[in-house]
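Hi,

Here is the structure I promised to hand over. Have a look first, and then read on for what turned up in it.

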Amino acid sequence: MNISVLLPLVFGKSFDYRAPEGMDIKPGDYVRVPFGRKSVWGVAWGEASGEVEEKKIKSIEQVATHLPPMSKTMRTFIDWVAWYTLAPSGMVLKMALPVPAALESPKVRGEGRGARGKKITASSSTLDPRPSTLSSDQQSAATSLRTKLDTGFSVSVLDGVTGSGKTEVYFDVIAACLAQGKQALVLLPEIALSVQWLARFAEGFGFAPDIWHSGVSPARKRETWRKAAQGEAKVIVGARSALFLPFAQLGTIIVDEEHDASYKQEDGVIYHARDMAVARARHEKIPAILVSATPSLETEYNITHGRYARMHLPTRHNEAELPEIKLIDMRTQALPTGSWISEPLKAALLTAMAEGKQAMLFMNRRGYAPLMLCRACGHRFLCPHCAAYLVLHRGRARLLCHHCGYETSPPKACPQCKEEGKMIPFGPGVERVAEEARALLPDARIAVMTSDSTALGKGTRRSKEPAKGSGDDPAGEVSCSETGGSVPLEKLIKDMMAGNIDLLIGTQMIAKGHHFAGLALVGVLDADMGLAGGDLRAGERTYQLLHQLAGRAGREKTKGMAWLQTYMPEHPVMQALLAGQRDAFMALEAQMREDALMPPYGKLAAVIVGGKNERETAEFTRMLVREAHKEETGGKRLENNNLHSLISNPLILGPAPAPMPLLRGKYRYRILIKAAKDFGLQDWLTRWLADLKIPSSIRVKIDVEPYSFL
Ligand SMILES: [Zn+2]
Ligand SMILES: [Zn+2]
């Protein structure tokens, strides 16, 4: 008997193999097959194509009898993800089989043998969480979410201000899920930052969840993968890649901070983990719960259109008040050169320190200065592989590219005019802000928290593309420093919790779900920064980030303050934050997107063409666009920008050099495809790209629903 086998390789199809006499193979079985000169683990996918000559068909070598087969649901989900993202199905399977060694039979223990079809049983002793004291709002949200566990697929949005106790609510739902003998998956945007979350989980449930992200060791991954497949892992908390684990009996998926941009995977298979979580829940016929204080516009759209249900948690738990927000109009502040903290913010910092409270300063730039400049001739240091300035990291005395990881020492003499001692750092980064803060507060205990992934991450990327399909959360790439030297992130968070740090200065990562009881003041030095550039979601993201930052302050009894330095105090984002008018702001954003037929009101796909040869890349991109026009208009160029015509024809924008025209040594062009909401974009893209011969020197990346506009 022959059967087709999908392999975790770059191919978009399965291959025919023969099941030897006496080997009973059913779809879903994990099988090892010869492929080229190697032996590869894959999954029996379905009927053989019958297109291969019988004598050329090779035999399956081994079947993993100690594991339950991959479910039909999971296989359908993998095929669906491949269709949706236009990625080869083999690459999607690779995300579900990231540790092939997990498929080998256990050598020492007999444990797990004969686990095929094993029923999952809940051992009730560990599954009852401690009776938690939920407020009546929390209780009613939890009760209605619990009922969803019995009603198949649904999506609920747990919407509540920071500090309103959303976590306790979904812990309650997890407890109910476990009591039914099912598994729960929780996605968090930054596992490495989730020390407090894990502690609360352990306290509530009496056991630690299994953790899944790129920083977990292969041995641990192998074990967690097996536990997921055999139903032993009750709760898995993970980064986006956890979504592809082969759970034996998944009961619910929870996506915390659903609006977080890090849920979008940009390398390998390009997908949005929130959207894929909803898709997996739909395939599994289970409830998905999206959690946020500032739900994304996509989620709001789905609520408005009746697809998702909203559960509100209106107040802060423990009677804590929301922080007071104040805008500092930087146009009226005359800051001396090399200074970034305004007078009012300085005064507020001094007061907070004098009162023994903690403070936080946010600036979304790593390093010391974003640019090194020659004062004599104006020379600027550029990355040789990217269209980007090199960032000065003074602590390490290096110039770094934040895009590809290239690094070099700052030279003594200017490479252009050969003058010595004329190089100056230009603009601020967190290290420089820390320097200013130390001068202002010489007695304060100050720490810096940043993600220096390109600087200190294992395996500096240089001019290489990141490994395909291996992309994951930045969790394993975190570093931070306390007065210069590097300290583990976990220690830094614990020090902050214990009150051993007075002032924490950092980038995005200080905004994540931390709960620092003593934190009274949050100062944002560059509140406007995210608003620059042509990003579709710039306003929404800035609002979410600033709201999340402000929400760190005043978590308990102390009244919190969030002071935002801005050059645009009249901007709708700033005004909405000031007035606490989230819904009005989101309605305005929604209107703008609807008018422009942009997502979520329309569909968008980006095609990024990259190559080492600039002319060849540009020519290939132009050819792609010509083919696209042919595809829909029979060779006639479509000039009509009438939005209603998009129902039957997508609008092809470009080609244009990408905003980042040179990245990791490759020239980049992009094409945007815009279409109406009910247009079959995937099928159109598939048709367009089906017959194309792509030269080996050129990479074509397709990003359905792009979030990055680099
Ligand atoms: Zn010079
Ligand atoms: Zn670079």
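A word on terms before the helix pairs: axes are lines fitted to C-alpha atoms, for helices over the stretch in contact, and angles run from 0 to 180 degrees between N-to-C directions. Helices (H or I, at least four residues) and strands (E, at least two) are DSSP runs, numbered from the N terminus. This is a predicted model, in which local features need pLDDT of at least 70 and side-chain atom pairs count only at pLDDT 80 or more, while totals for chains, interfaces and linings use all residues. Residues are numbered from 1 along each chain as its sequence is written, and side-chain values use heavy atoms, without hydrogens and water.

**Two helix pairs**

Helix α1 (residues 72-85) packs against helix α2 (residues 89-96) at about 130°, with the axes 8 Å apart. That makes α1 oblique to α2 (under 35 degrees counts as roughly parallel, over 145 as roughly antiparallel, 65 to 115 as roughly perpendicular and the rest as oblique). Met74, Ile78, Asp79, Val81 and Ala82 of α1 make the contact with Ser89, Val92, Leu93 and Ala96 of α2 (contact means heavy atoms within 4.5 Å). These residues divide into seven nonpolar, one polar and one charged (Ala, Val, Leu, Ile, Met, Phe, Trp, Tyr, Cys and Pro count as nonpolar, Asp, Glu, Lys and Arg as charged, and the others, Gly among them, as polar).

Helix α14 (residues 538-550) and helix α16 (residues 582-595) pack at about 160°, their axes 10 Å apart, and are therefore roughly antiparallel to each other. Here Gly539, Glu540 and Tyr543 in α14 meet Arg582, Phe585, Met586, Glu589 and Arg593 in α16. This contact divides into three nonpolar, one polar and four charged residues.

**Cores**

The largest nonpolar core has 78 residues, of which Tyr30, Trp225 and Trp688 touch the most other members (a core is a set of buried Ala, Val, Leu, Ile, Met, Phe, Trp, Tyr and Cys residues joined through side-chain atoms within 4.5 Å; buried means under 20% relative accessible area, exposed over 50%, partly exposed in between, with a 1.4 Å probe and protein chains only). Its largest share, seven residues, comes from α1.

**Backbone details**

The peptide bond from Pro599 to Pro600 is cis, with omega near 5°; Pro600 is in the loop between α16 and β28 (602-611). Lys418, not a glycine, has a positive phi of about 65°, and is exposed at 58% relative accessible area.

Best wishes

How values were computed: Chains lettered and ligands numbered in written order.
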